[in-house]
Amino acid sequence: GRNTPNQVISRTLQVFVQFFVLGLTSFGGPVAHLGYFHERFVQRERWITADAYADLVALCQLLPGPSSSQVGMGLGLIRAGWLGGLAAWAGFTLPSAVLMLLAASLLSAHPSWIDGGWVHGLMVAAVAVVAQAALGLQRKLAPDRQRVSLMVAAAVLVLLVPRVWSQLLALLLGGLVGLCALTPPELEPSAPERLVVPLRRSVSVVLLGFAVLLFVAMPWLSAEARPLLVQQLSGFLRTGALVFGGGHVVLPLLEQALVPNGWIDLQQFLAGYGAAQAVPGPMFSFAAFLGFDMQPGLQGIAGSVLALVALFFSSFLLVGGLLPFWSDLGRLAPMRRALLGINASVVGILLAALFQPVWQTGIRGGAEFSLALVAFVLLVRWRQPALRVVLFCAGVGGL
């Protein structure tokens with residue numbers, strides 16, 4: 001039967017509290033977050049079966065946007081309907097967003113800090129963290145000859161054609177190659193348990209309609225004739241709608257959307273990205289830092305909130321719109337083949353971002369390269385948490 005209003009409120013609060021605790025403690029990026037969620041909601045709280053969780057993760061890997069935050073929204077939707085989805089997003093994002101807002105306000109109150117050695121240490125840390133992410137994703141998403149070749153082709157395309165659309169083109173070509181030339185692993189004959197989602201399919205169809213409308217309207221929203229605030233917000237909307245592969249891939253898309261227009265300084269952008277490594281929760285909370293600091297237009301706390309909502313907006317539309325249909329869709333072989341190619345291209349885009357802007361801004365000489373090397377080995381071989389490595393780099397940079 002349907003839940004009473006009291007049950008809905010109590011479940012929504014429960015979702016918020018669980019995700020708020022995870023937002024305070026989930027270090028280590030999207031893949032680590034999925035591990036935290038599995039431990040908490042499959043094993044401990046028993047909100048969802050392991051099979052249904054795997055189904056949910058597969059959907060969110062396919063969608064553009066922050067995969068771990070989308071899995072969180074999906075868990076909230078399954079547990080407590082629409083309010084639960086919002087509560088999961090708000091709880092998981094709030095701690096890191098507040099920390100990023102504090103970092104932005106400190107840097108704007110003390111602009112000279114941007115020239116401090118510790119800020120450059122954060123940029124060096126970003127080199128090691130992005131390199132680690134690229135290596136981990138390559139092992140997982142481009143482990144064979146065909147997909148490594150696709151990965152390199154995507155990186156070459158993005159580096160040689162430095163335009164926003166080149167990244168989308170790389171993803172489309174990857175999907176096309178996957179569809180025509182790659183073979184996914186066979187589905188097990190026993191179908192995984194369907195995801196039971198307490199959402200009306202009619203509402204989901206409306207959300208999907210809004211998502212399509214948003215995609216179609218994007219070039220119009222970002223045209224120079226629009227008010228500056230609309231142009232800036234459309235940069236975040238576009239990034240949230242196009243970023244495949246989770247947190248680190250947001251870096252090149254946001255950089256392309258904001259820095260060339262002069263809305264934020266590249267040094268400041270990379271300092272914020274370095275700070276985003278040191279906070280728990282989703283990498284997308286980086287938007288709170290950028291929204292606080294943009295010139296002219298988005299600024300202050302209102303700018304932070306608007307930038308965050310814009311970056312996550314299409315994710316909510318897509319998760320709410322597709323989740324009720326996913327059990328049927330995810331079993332189609334063509335979709336699974338295309339996804340293999342798209343994921344390989346994602347790693348290529350991240351590889352390109354490692355060179356430009358991360359490496360070119362962070363590594364000025366032998367000392368920086370040495371520090372990045374040490375940080376990389378600490379992350380990859382010594383398995384040190386990203387927070388510890390980021391603080392270490394900031395400390396060494398400040399010496």
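Predicted model: local features only at pLDDT ≥ 70, side-chain atom pairs only at ≥ 80, totals over all residues.

Me: How is a pair of packed helices described?

Reply: Two packed helices are described by the angle between their axes and by the distance between those axes. Here, helix α16 (residues 366–380) and helix α17 (residues 386–398) pack with their axes 10 Å apart and at an angle of about 160°. Angles over 145 degrees count as roughly antiparallel, and therefore α16 and α17 are roughly antiparallel to each other.

Me: Which residues make the contact between α16 and α17?

Reply: On the α16 side they are Leu 371, Val 374, Ala 375, Leu 378 and Leu 379, while α17 brings Ala 386, Val 389, Phe 392, Cys 393 and Val 396. By class, this contact has ten nonpolar residues, with no polar and no charged ones. The crossing of α16 and α17 is right-handed.

Me: At what angle do α5 and α11 cross?

Reply: The axes of helix α5 (residues 117–141) and helix α11 (residues 266–277) cross at roughly 65° and come within 8 Å, and this crossing is left-handed. The contact includes Leu 122 and Val 129 of α5 as well as Leu 270 and Tyr 273 of α11, and its residues divide into ten nonpolar, three polar and no charged.

Me: Which helix gives the largest share of the lining of the second largest cavity?

Reply: That share, seven residues, comes from helix α4 (residues 67–109). The second largest cavity holds about 30 Å³ of space, and among the residues that line it are Phe 19, Met 73 and Trp 89. Its lining divides into five nonpolar, three polar and no charged residues.

Definitions and conventions:
Residues numbered from 1 in each chain as written. Heavy atoms only, no water. 1 Å grid on protein atoms, 1.4 Å probe; cavity = no way out; pocket = protein on both sides within 12 Å on 5 of 7 lines; lining within 4 Å. Points joined across faces, edges and corners; volume = space filled by probe spheres on them. Helix = DSSP H or I, 4+ residues; strand = E, 2+ residues; numbered from the N terminus. Nonpolar A, V, L, I, M, F, W, Y, C, P; charged D, E, K, R; others polar. Axes fitted to C-alpha atoms, helices over the stretch in contact; angles between N-to-C directions. Left-handed = near helix turned anticlockwise from the far one by under 90°. Contact = heavy atoms within 4.5 Å. Parallel < 35°, antiparallel > 145°, perpendicular 65-115°, else oblique.
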